[in-house]
2 protein chains.
Amino acid sequence: MLSKDSPKIFQNNMPGNVCFGCGRETKDGLHVKSFWDGDESVCFWKPKQFHQGWKDIMNGGIISTIIDCHTMGTAMAYAYKFEKRELSSKPHYRYATGTIKVRFIEPTPNKEVKLRAVVKSYTPKKVLIKCYVESNNKVTAEAEVVAFRVFDSSNTSKNLFSN
Amino acid sequence: MLSKDSPKIFQNNMPGNVCFGCGRETKDGLHVKSFWDGDESVCFWKPKQFHQGWKDIMNGGIISTIIDCHTMGTAMAYAYKFEKRELSSKPHYRYATGTIKVRFIEPTPNKEVKLRAVVKSYTPKKVLIKCYVESNNKVTAEAEVVAFRVFDSSNTSKNLFSN
C-alpha cells in the first residue's frame, strides 16, 4: 500500500484542488486517492458511519461521488501517461465530468470499497472511463463516465474552470 | 416556503431513515427535503463551502447525491399519490436507485439550487424520473433515474432492504 504522501497518488499532484471528493486537504472531504495498478487505476476508500444510505449500506450518492473523483483523477493521469510524462510534470491538466451513469447492482456494505477504473477511449479533450466498485471482491456497482479536459496550465485563456 | 417540520415534506414521512443524503436527523448529512409543486416535486438545497468541487463551483458528486435522494423521495411520494393516500399513511414504501445518469451542462455555482423532478413512467416496482438542477433559474444539470421499490411495510418478507 502506498503512503498517503506518495507522489504516485494522482491527487497528490493536483495543487490547489479544493474538491469535496478528492481535495487532498479538504476539511470534511472524502479524500479519494487513486493510483495505477498496471493499466487499471485503483482507489481504496473507507466511509464514515454517516455515509450510509440504509443501515450499514453505503449511500448511493457517496458511491457516485467517489466514482466521479476517481475517474476524473484517472482521466488526468491517463493524459500524462499518454504524453509519457510524470504526474508531477507540467502542464497541469484537469478534467471535469460531462456525464456519469451509475448502475447499482446490489447493496454495497458501508465498509471499505475498492474502485477499479479503465480508460475505454481517449482523446485529449474527452475521455471515456469504465469504473467498478467492489466490496469483498464482488462488484456491487458499475459506472460509465465521460470526462472533459477543462483546464490546461499551458493555455489558461481557454479554460472553462480556473484552478 | 414550508416549515422544516411540515408533513408535506416527503422525508418527514420516512421514520427510521438514516440516509446521508436525506435522513431527517442524520448528523453531518445533507438533509434533502422534497415536496410537491403541482405535478413536479421540488427541493431547495443549500451547500456548505466544502461541498465545492472547484472554487465556488458545486461538486458533481454532491449534485448526484441530492438528485438521487430527491428522486427516491419523489418515487415514494408518487406511489402514495397513485394509491390516493397521504404521505403519512401505511404501508410505508421505500425506493432505492437502480441507475442514475447525470449530465452536467455547465458549472453549478456552490449556492442554493432548486431541483425539479417529474415521474416519466410508473409501475409499483419501477419508477423512471427525470430531474433538473437549476441555479439562478438556469438548468445546469439534468438526470434520469430509475427507482426500484425495495421496501413495503405490508410485505416485509420480500424486502431487499430493512428499515
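Predicted model: local features only at pLDDT ≥ 70, side-chain atom pairs only at ≥ 80, totals over all residues.

Me: Thanks! In what order do the strands of the open sheet come?

Reply: The order is β1(A)-β2(A)-β6(A)-β7(A)-β8(A)-β5(A)-β5(B)-β8(B)-β7(B)-β6(B)-β2(B)-β1(B), 12 strands with antiparallel pairing. Strands here are DSSP runs of E with at least two residues, helices are runs of H or I with at least four, and both are numbered from the N terminus. Two strands pair if DSSP finds at least two bridges between them.

Me: And which strands stand at the edges?

Reply: Those are β1 (35-37) of chain A and β1 (35-37) of chain B; each has a single partner strand, so one side of each is left without a neighbour in the sheet. From one strand to the next, the twist averages 30°.

Me: What does α1(A) touch when it packs on the sheet?

Reply: It touches β1, β2, β5, β6, β7 (126-135) and β8 of chain A, together with β5 of chain B, and its direction makes about 135° with that of β5(A). Axes are lines fitted to C-alpha atoms, for helices over the stretch in contact, and angles run from 0 to 180 degrees between N-to-C directions. Contact means that the C-beta atoms of two residues, placed from the backbone, lie within 7 Å.

Me: Switching to the chain contact: how many residues does it take from each chain?

Reply: Chain A gives 33 residues and chain B gives 33 residues. On the side of chain A, the largest share, eight residues, comes from β5(A).

Me: How do β5(A) and β5 of chain B pair?

Reply: They run antiparallel, with five bridges between them. Lys101(A) stands opposite Lys101(B) there.

Me: What rotation superposes chain A on chain B?

Reply: A rotation of 180° with 0.0 Å of shift along its axis does it, giving an RMSD of 0.0 Å. That is the relation of a two-fold axis. Of the residues of chain A, Lys101(A) comes closest to the rotation axis, with its C-alpha at 2.0 Å.

Me: Back inside chain A, which residues of β2(A) are on the covered face?

Reply: Ser41(A), Cys43(A) and Trp45(A) are, whereas Glu40(A), Val42(A) and Phe44(A) make up the uncovered face. Ser41(A) stands opposite Ala117(A) in β6(A), and the bridge partner of Phe44(A) in β6(A) is Lys114(A).

Me: What about the hairpin of β1(A) and β2(A)? How many residues lie between the strands?

Reply: Two residues, and Gly38(A) takes a positive phi near 70° in that hairpin. The two strands are joined by three bridges.

Me: Last one: where is Glu142(A) found, and what does it touch?

Reply: Glu142(A) is in strand β8 (residues 138-152) of chain A. Leaving out residues up to four places away in sequence, Glu142(A) touches Arg103(A), Ile105(A), Cys131(A) and Tyr132(A).

Methods: Residues numbered from 1 in each chain as written. Chains lettered and ligands numbered in written order. Least-squares fit on C-alpha atoms with pLDDT ≥ 70 in both. Buried ≥ 20, exposed ≤ 12 C-beta atoms within 10 Å, placed from the backbone.
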